[in-house]
Amino acid sequence: MGEENQQDIVKCGYVTIAGRPNVGKSTLLNAVLGQKVSIVTRKPQTTRDRILAVHNTDDRQVIFLDTPGIHRPQDGLGHYMNEAANNAILEADVCLWLIDATDRKRGEGLSREERDIARRLQQTGIPVVIALNKVDRMEPKERILPLLQEIHAMDIAREIVPVSALTGDGVDTLMSLVVAMLPEGPRLFPRDMLSDRADRFFVAELVREAIMDITHKEVPYRTAVVIDQFKEQPAGTEIFASIHVETTGQKAIIIGKNGEKITEIRERARAQAAELLGCPVSLRLHVDVSPDWSTNPAGLRKMGYE
Ligand SMILES: Nc1nc2c(ncn2[C@@H]2O[C@H](COP(=O)(O)OP(=O)(O)OP(=O)(O)O)[C@@H](O)[C@H]2O)c(=O)[nH]1
Ligand SMILES: [Mg+2]
């Protein structure tokens with residue numbers, strides 16, 4: 001292991017997982033890694049930043065970039081998210097374009113937004129593999145055929161693979177095809193490295209995930225989480241985090257009647273953080289009003305989106 005093994009020649013390269021919001025990009029990444037690196041919710045625009053995660057086996061090192069869903073931006077945060085996704089695509093050896101095969105908004109074939117993505121990918125010249133996700137929800141299975149035919153006719157993808165990131169169906173096949181397209185070389189990252197992010201980033205994300213699941217309407221989209229203190233003590237890790245919202249109304253929603261909401265958010269995030277860190281965690285949350293943080297550059301910077 002260690003030094004010597006890192007010099008082995010393996011299939012090694014960058015695979016960017018890109019696509020529209022909510023198609024299952026982060027679910028797929030977690031499924032391949034066999035652990036949760038990227039937060040997942042039922043709501044679109046969950047992932048806000050490029051997240052690097054490394055999948056090592058004896059014969060491969062796949063460096064995944066999970067990305068925010070490409071959408072029509074409404075504010076500074078939306079622009080930031082799209083740019084993070086587009087930049088990550090340019091880093092890819094292979095772009096894994098995930099499409100929700102069950103999205104009825106498209107009608108029979110690709111939507112206009114999806115055709116925009118196709119055009120952009122074609123312009124980059126980067127090899128594309130398309131995964132048609134959520135096939136577990138597709139009844140009857142033949143409903144996928146018009147979409148398959150349209151994508152096939154566009155000649156944009158080297159491979160088109162139906163998968164379910166949720167059940168794992170087709171994921172091994174997908175990965176074999178993607179890995180076969182990667183260059184050969186020495187590992188670019190240490191074998192024991194999972195991500196380029198520190199634990200405090202993941203804890204902030206877990207708090208945001210709990211908020212996105214527990215609150216509704218505009219609140220999930222106006223919330224950012226910043227870790228103020230992260231103290232590793234012999235008895236466990238003590239974490240102080242600020243939840244930033246834009247209005248006092250949103251603050252009241254997050255706190256809830258008699259503090260019930262914030263207690264629920266804290267308990268959920270604390271339990272997940274303890275699992276992630278493998279030690280007891282004490283989590284203190286504070287809710288702050290930062291007007292317009294999602295629209296102005298200074299606000300975005302303060303929340304770590306720069
Ligand atoms: N039925 C089904 N649901 C899935 C599948 N993959 C993902 N989902 C669900 O789709 C929703 C969105 O999943 P995410 O992984 O957060 O999607 P994403 O593409 O990362 O979304 P953004 O980060 O917002 O762009 C969640 O509720 C997932 O459980 C699948 O294969 N089948
Ligand atoms: Mg995501």
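Select Arg-60 and Asp-59 to begin: their side chains are joined by a polar contact of 3.5 Å. A polar contact is a pair of N or O atoms within 3.5 Å; within protein, one must be able to donate a hydrogen and the other to accept it, and residues adjacent in sequence count only if both atoms are side-chain atoms. Arg-60 belongs to strand 3 (residues 60–66). Helices (H or I, at least four residues) and strands (E, at least two) are DSSP runs, numbered from the N terminus. Arg-60 counts as buried because its relative accessibility is 18%, where buried means under 20% relative accessible area, exposed over 50%, and partly exposed in between (1.4 Å probe, protein chains only).

Before continuing, note that this is a predicted model, in which local features need pLDDT of at least 70 and side-chain atom pairs count only at pLDDT 80 or more, while totals for chains, interfaces and linings use all residues. Residues are numbered from 1 along each chain as its sequence is written, chains are lettered from A and ligands numbered from 1 in the order in which they are written, and side-chain values use heavy atoms, with hydrogens and water left out.

Next, select ligand 1. It is surrounded by 23 residues, and the closest are Lys-25, Thr-27, Gln-45, Thr-46 and Asp-136; a residue counts here if one of its heavy atoms lies within 4 Å of the ligand. Helix 2 (residues 25–33) gives the most to this shell, with three residues.

- Thr-47: an N or O atom of its side chain is 2.8 Å from an oxygen atom of the ligand.
- Lys-134: an N or O atom of its side chain is 3.1 Å from an oxygen atom of the ligand.
- Val-23: a polar backbone atom is 3.1 Å from an oxygen atom of the ligand.

Move on to Phe-189, in the loop between strand 7 (184–186) and helix 7 (199–214). Is Phe-189 buried or exposed? Phe-189 counts as buried, at 18% relative accessibility.

Finally, select the cysteines. How many disulfides are there? The count is zero, a disulfide being a pair of cysteine sulfur atoms within 2.5 Å. Cys-12 is buried, with a relative accessible area of 6%, whereas Cys-279 is partly exposed, at 23%.
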